[in-house]
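Biologist: I am new to this structure. Please take me through it by question and answer.

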Amino acid sequence: MSEALTEQVQPPPPWYRRTDIVAVLVAFALGYAFLILGVDDSTRFRTRLSPAGDLDFDWMYFWHLIPLMWRGLMATVKATVFGFTFSVGLGLVLALLRRSTVRVVSWPTAFLIEFIRSTPILVQLYFLHALIRSLDWFRPSSISILAIGLGVHYATYCSEAYRAGINSVDKGQWEAATALNLGPLTKWRQVVLPQAIPNVLPALGNFLVAAFKDAPLGIAVNATGILFFAQAVRGGDFRAVEPYLMMGVGFLLASLPAAWLVRRLERKVHYERT
C-alpha cells in the first residue's frame, strides 16, 4: 500500500528526460535548420523544356515543372513557418497587454488587434512593403517581408486564442496562487500558462494552416513563393494550365499533412483533458 502511495506522489520526470518531448524538439530544430540553410528564397523560375504547341496539356512539360514548384513551395513554407513562429510569441504578448488593468495599455492594444483583424492581409502586405522599402537602414528580402506580414496579422488571432485560454483557467487556480503568495511571474509561468496554452493548441494549429493558405498573397511583395513560380512560368512559356495545376498539387502536398497533424493534436488534447 505504501509503495503504491509512493508511486502516486512521485513528481513527473523533467522534460529533458521525456523522449516524446525531446524527439519533437529535435524535429523542430532540424526543420528550422533546413529552412534556414537549405531553402534559397532568391531563386528565379526558368523552364528548360518548351511545351508542345499542338497539345492542350503536355504531360512531359507538366512533370518537368516539379523541381521549380518544389523551390517555390519551400520558400512559401519558409515564410509561413517563420512568420507563424513570430506570431505565436507576439500573440501572447498582445494577449497579456490587452488583459492589463492599465487602460492606457489595454485600450490601444485592443484597438490595434481589432484594426489588424478587420483589414485584409493583402492591404497590410502592400502597406508593409511600402513602409519597409522607404527605410534606408532596413533591407529585408521579400520572403522576410512576407513572414513579418503573416506574423503580425496572425499574432492578433493568436492573441484572442490565448485570451480565451487564459479566461478558461479555473478561478480557484488564481485564488490558490494568490493565497500561496506567488509572485506575478511565478503565477503566470507555473500556474496559469501551463493550463491555458494546451487548451489553445488546436486553434493555433488551425491558424498555421490558414497562414499557409494566405502565404501566396506574398506575390504582392514579390515574394518568390509558389504562386510566383506559377506566374513566372506562365509569363515565360505562355502556358497557364500546367503551372497552376502543379501549384495546386504542391499545396496539397503541404496542407494535407498539416491538417492531419492538427486533427491528431486536437484528439490528443481532448484525450488528455478527459
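Predicted model: local features only at pLDDT ≥ 70, side-chain atom pairs only at ≥ 80, totals over all residues.

Biologist: What does the C-alpha trace span, and what percentage of the residues count as buried?

Modeller: Along its principal axes the C-alpha trace of the protein chain spans about 80 × 50 × 30 Å. Buried means under 20% relative accessible area, exposed over 50%, and partly exposed in between (1.4 Å probe, protein chains only). Of the 274 residues, the buried share is 35%.

Biologist: What is the volume of the largest pocket, and which residues are the closest to its centre?

Modeller: On a 1 Å grid over the protein atoms alone, a cavity is a set of points where a 1.4 Å probe fits but cannot get out, while a pocket is an open set with protein on both sides within 12 Å along at least five of seven lines; lining residues have an atom within 4 Å of a point. Grid points are joined across faces, edges and corners, and a volume is the space filled by probe spheres set on the points. The largest pocket has a volume of about 2300 Å³. Of the 45 residues that line this pocket, the closest to its centre are Val24, Phe28, Leu208, Leu261 and Leu265.

Biologist: Which helix gives the most to the lining of the largest pocket?

Modeller: By class, this lining has 31 nonpolar, 7 polar and 7 charged residues (Ala, Val, Leu, Ile, Met, Phe, Trp, Tyr, Cys and Pro count as nonpolar, Asp, Glu, Lys and Arg as charged, and the others, Gly among them, as polar). At least two lining residues come from each of helix H2 (19-38), helix H4 (66-98), helix H9 (184-214) and helix H11 (241-273). With 14 residues, the helix that gives the most is H11.

Biologist: How much space lies in the second largest pocket, and which helix supplies the largest share of its lining?

Modeller: The second largest pocket holds about 250 Å³ of space. Its lining divides into 7 nonpolar, 3 polar and no charged residues, including Phe115, Gln124 and Val152. The largest share, 4 residues, comes from H6.

Biologist: How much space lies in the largest cavity?

Modeller: The count comes to 1 cavity of 30 Å³ or more. Among the residues that line the largest cavity are Thr76, Leu146, Ala223 and Phe228, and helix H10 (residues 226-237) gives the largest share, 3 residues. The space in the largest cavity is about 40 Å³.

Biologist: At what angle do H4 and H10 pack?

Modeller: Contact means heavy atoms within 4.5 Å; Leu68, Met69, Gly72, Leu73 and Thr76 in H4 meet Ile226, Phe229 and Val233 in H10. By class, this contact has 6 nonpolar, 2 polar and no charged residues. Axes are lines fitted to C-alpha atoms, for helices over the stretch in contact, and angles run from 0 to 180 degrees between N-to-C directions. The axes of H4 and H10 are 7 Å apart, and the angle is about 145 degrees.

Biologist: Is Ala147 buried or exposed?

Modeller: Ala147 is found in helix H7. Leaving aside neighbours within four places in sequence, Ala147 is in contact with Ala79 and Gly83. Because its relative accessibility is 11%, Ala147 counts as buried.

Biologist: Which residues is Arg234 in contact with, leaving aside its neighbours within four places in sequence?

Modeller: Arg234 lies in helix H10 and, at 42% relative accessibility, counts as partly exposed. With those neighbours left aside, the contacts of Arg234 are Arg239, Ala240, Pro243 and Tyr244.

Terms used: Residues numbered from 1 in each chain as written. Heavy atoms only, no water.
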